Amino acid sequence: LLPVQAALSPTAVLYTAPVSAPAPFSVPLAQLLLHTAEAVQAVRKGRSLTEALARCPAAARPGTQALSFAVLRRLGVAEHLRKQLAPKRPPPQVEGLLLCALALLWPEGEAAYADHTLVDQTVQAVRRKAQASAGFVNAVLRRFLRERNELVASANVDPVARFNHPAWWIEQLKADWPAQWQALLAANNEHPPMTLRARQGADAYVERLAAAGIAARAVGPQAVRLARAQPVSALPGFAEGEVSVQDLAAQLAAPLLLRECPPGARVLDACSAPGGKTAHLLELRPDLDLLALDSDAQRLQRVQDNLDRLHLSAGLRAADARDTAAWHDGRPFDAILLDAPCSASGIVRRHPDVRWLRRPEDIPQLARIQAELLDALWPLLKPGGRLVYATCSIFKAEGQAQIDAFLQRQSTASSLDVPGFTGHLLPLADNDPDGPSALDGFFYALLAKSF
Ligand SMILES: C[S@@+](CC[C@H](N)C(=O)[O-])C[C@H]1O[C@@H](n2cnc3c(N)ncnc32)[C@H](O)[C@@H]1O
């Protein structure tokens, strides 16, 4: 079993199966399909996959996660096929299993199982829950296998089936990225690489990995891209805090904020949990007087756990950063990191449920919270201080449009060039010889406050 990074929680380790080899799960496939169908139906009802997987028995969780990821990356086409092949909607448990089988049988599906095994195991799973529907499901899946070529052609004319994203999401990307929208949608269905942040620098750690038989290459000053995902327990020095799991785009925040930051600077990490960027800031500059806030007390505990593993320390406080009267002691900050809550549209590769969970109205609502955070925190910044605004989103409303509007409202703010890249970071594989982009989708703005 191989671990993958959960991008919203850089140090959490989830487990997934290799996609090209038969999955070595000890739990029978029919059982895994039952859990997967339940998880997928939970996502379709609006619950996060993380929450759904937490309900799954521990032994079945790795396999269920791997299959759920594969199904959610093909849910658009699976729903299209279900409507074609079984126009009268079956009961939820049967529908869930049908969707899983259709997604996994799809020609571009990720299943490491032969067609007949998947059909047989799906029918067995249906038998356990709805004996009377087993014959029906068997007939539907066998018809799918017979008519696969024609069904592929019919699915390609339906954008939701073709791109496996909701229609509104496709339209939003078309509007925001007229030249790249198709490539962005395709990239969202790829497997992201596993990237590490090595405390002593990428080159030295690549050598340590090589000595341990793990192939990797440096992709940034501290960023190491693994050729294959590994369990963190296999990484030399992980337990000792020498290395963390963190995407390359996320690794840009700390150096950006710390440029020209004075010694012993007072720094605010306003939305800090689970602490990936907090830890990076302190690794680079242990002298910082750093306050890490998060409105979610449970997630803030993960910041503490991360800092403990890395032998770092910061002031931690559970608070809504917008409510400055409740937590601020009146002393201004030299630098503020606002890694704001967002749609997570830049990290769909790592969270394939996100596209199905979001609603179009979430985007303006999130943009409003981001604006409120910017407006509340700006007065806390010293004249001459810097604020880095970041979102792991590729929607412009949460990126450049947000910053343009802020600069209109706030006459003491100016936007500085972000060295090394311009505008949004897009998770496109264009220049990456190793396949899927090493970068998640991110937006960064570096704001300076006038004296
Ligand atoms: C994108 S995540 C931060 C990731 C983190 N900076 C890292 O690198 O690990 C956004 C965080 O903002 C927190 N949050 C949401 N609204 C907030 C608010 N009003 N005040 C403070 N934190 C908030 C969420 O609980 C979530 O942990």
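**Close-up views of a predicted model**

**View 1. Pairing of strands β11 and β13.** In this predicted model, strand β11 (residues 381-391) and strand β13 (residues 443-449) run antiparallel and are joined by six bridges. T391 stands opposite F443 of β13.

View 2. Seven strands form an open sheet with mixed pairing, in the order β9-β8-β7-β10-β11-β13-β12. Its edge strands, β9 (315-318) and β12 (413-416), each pair on one side only. From one strand to the next, the twist averages 20°. Helix α14 (residues 276-284) packs on the sheet, where it touches β7 (266-269), β8 (289-294), β10 (333-339) and β13. The direction of α14 makes about 180° with that of β8. Helix α15 (residues 297-310) lies across β8 and β9 and runs at about 165° to β9.

**View 3. Packing of helices α5 and α7.** The axes of helix α5 (residues 92-105) and helix α7 (residues 134-146) come within 11 Å and cross at roughly 20°. Because of this angle, α5 is roughly parallel to α7. The crossing of α5 past α7 is right-handed. From α5, V94, L98, A101, L102 and L105 meet F136, V137, V140, L141, F144 and L145 of α7. The residues of this contact comprise eleven nonpolar, no polar and no charged.

View 4. The protein has an average pLDDT of 91, and 92% of the residues score at least 70. Over residues 1-23, pLDDT stays under 50. For residues 1-23, the model has 70 contacts beyond four places in sequence.

Note on methods:
Residues are numbered from 1 along each chain as its sequence is written. This is a predicted model: local features need pLDDT of at least 70, side-chain atom pairs count only at pLDDT 80 or more; totals for chains, interfaces and linings use all residues. Side-chain values use heavy atoms; hydrogens and water are left out. Axes are lines fitted to C-alpha atoms, for helices over the stretch in contact, and angles run from 0 to 180 degrees between N-to-C directions. Helices (H or I, at least four residues) and strands (E, at least two) are DSSP runs, numbered from the N terminus. Angles under 35 degrees count as roughly parallel, over 145 as roughly antiparallel, 65 to 115 as roughly perpendicular and the rest as oblique. A crossing is left-handed if the near helix is turned anticlockwise from the far one by less than a right angle, and right-handed if clockwise. Contact means heavy atoms within 4.5 Å. Ala, Val, Leu, Ile, Met, Phe, Trp, Tyr, Cys and Pro count as nonpolar, Asp, Glu, Lys and Arg as charged, and the others, Gly among them, as polar. pLDDT is the predictor's confidence in each residue, from 0 to 100. Two strands pair if DSSP finds at least two bridges between them.
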